[in-house]
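User: Could you take me through reading the secondary structure and the nonpolar core of a model, giving the general idea and then the case at hand?

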Amino acid sequence: MMQDEPRGEKDAYRRSRRRGCPFCHDETQVIDYKDPGVLRYFVTDRGKLVPRRVSGLCAKHQRALTTAVKRARVLAFMPFTTNY
Amino acid sequence: MTAAIQAELPPRLYEVIYILRPDVDKETSERVAQRVADVVAREGGTLTLVENWGRRRLSYDIQHYKRGVYVYFTFLGDGALVAELERNFRLLDEVMRFQTVKVSNDPGEIEVDAELIKFEAVEPSLDEEEEQTLEQELGLVQVARPPRPESADESDDESDDESDDESDGVAADDMSDDGESEDKEGDAE
């Protein structure tokens, strides 16, 4: 709070602090099961889906993401688990 | 009745990815692609796009193969066509995996380019492939995760953080961050 005023890049600072849903924030970024590069950020090292409280996604995009990851797994774009 | 209702509905746009065994020869992959085209044509659908993504590494073994030839195509059609396509995929031993996803209920007019629906077989070249994937693996090992578009910002504000709350532990840090940001938003608006 007290850091707010003295900073020149006040707006940039505040924007970066708002941990909103990245997919709501940036409309150009879409959740696509064919693009495992994006999905990878939202699964653990073992390939498990990350919960919303960690991923920071809104309900709508978390839902879309879940579907996308599950589709990507079927086509072996992503692992179901690393333990096999 | 149902037929009449179905007839009124516009064709839906579906996309399909199927994975062929990595050791298929050119003829076999072309045969599969031809069969797909035949089935789609027979059931009154329209192919709109065919792409051969080539041999790719699988995230996990399928039928003891570590790689697979990915083929992607989209078509306009109905549920009966999807069922018929999938039945055909099940009959083909070369197809290890397939998945159909509905893209749109009402795609509108789609111009079909004859070039785009041609299937181009990729010549298998196992030796090259082996080298490439090894290099890729090494590349992956060396290159750290590309930063998320956001994370650049985050790292920025992490460095900003250092002045106000230093080394509180990560979890505590996050908590205080959230609280603060909410406060700030309230103040601003």
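Analyst: From the N terminus on, chain A runs α-α-α-α-α, that is, five helices and zero strands, where helices (H or I, at least four residues) and strands (E, at least two) are DSSP runs numbered from the N terminus. This is a predicted model, in which local features need pLDDT of at least 70 and side-chain atom pairs count only at pLDDT 80 or more, while totals for chains, interfaces and linings use all residues. Residues are numbered from 1 along each chain as its sequence is written, with chains lettered from A and ligands numbered from 1 in the order in which they are written.

User: Which elements does chain B have, from the N terminus on?

Analyst: Chain B has six helices and four strands, in the order α-β-α-β-β-α-β-α-α-α.

User: How do I read burial, and what percentage of chain B counts as buried?

Analyst: A residue is buried if 20 or more other C-beta atoms, placed from the backbone, lie within 10 Å of its own. In chain B, 18% of the 189 residues count as buried; in chain A, 20% of the 84 residues do.

User: Which residues have the most contacts inside the largest nonpolar core?

Analyst: A nonpolar core is a set of buried Ala, Val, Leu, Ile, Met, Phe, Trp, Tyr and Cys residues joined through C-beta atoms within 7 Å. The largest here has 38 residues, and those with the most contacts inside it include A:Leu39, A:Ala72, B:Val16 and B:Phe73. Strand 1 of chain B gives the most to this core, with seven residues.

Methods: A residue is buried if 20 or more other C-beta atoms lie within 10 Å of its own, exposed if 12 or fewer, and partly exposed in between; C-beta atoms are placed from the backbone.
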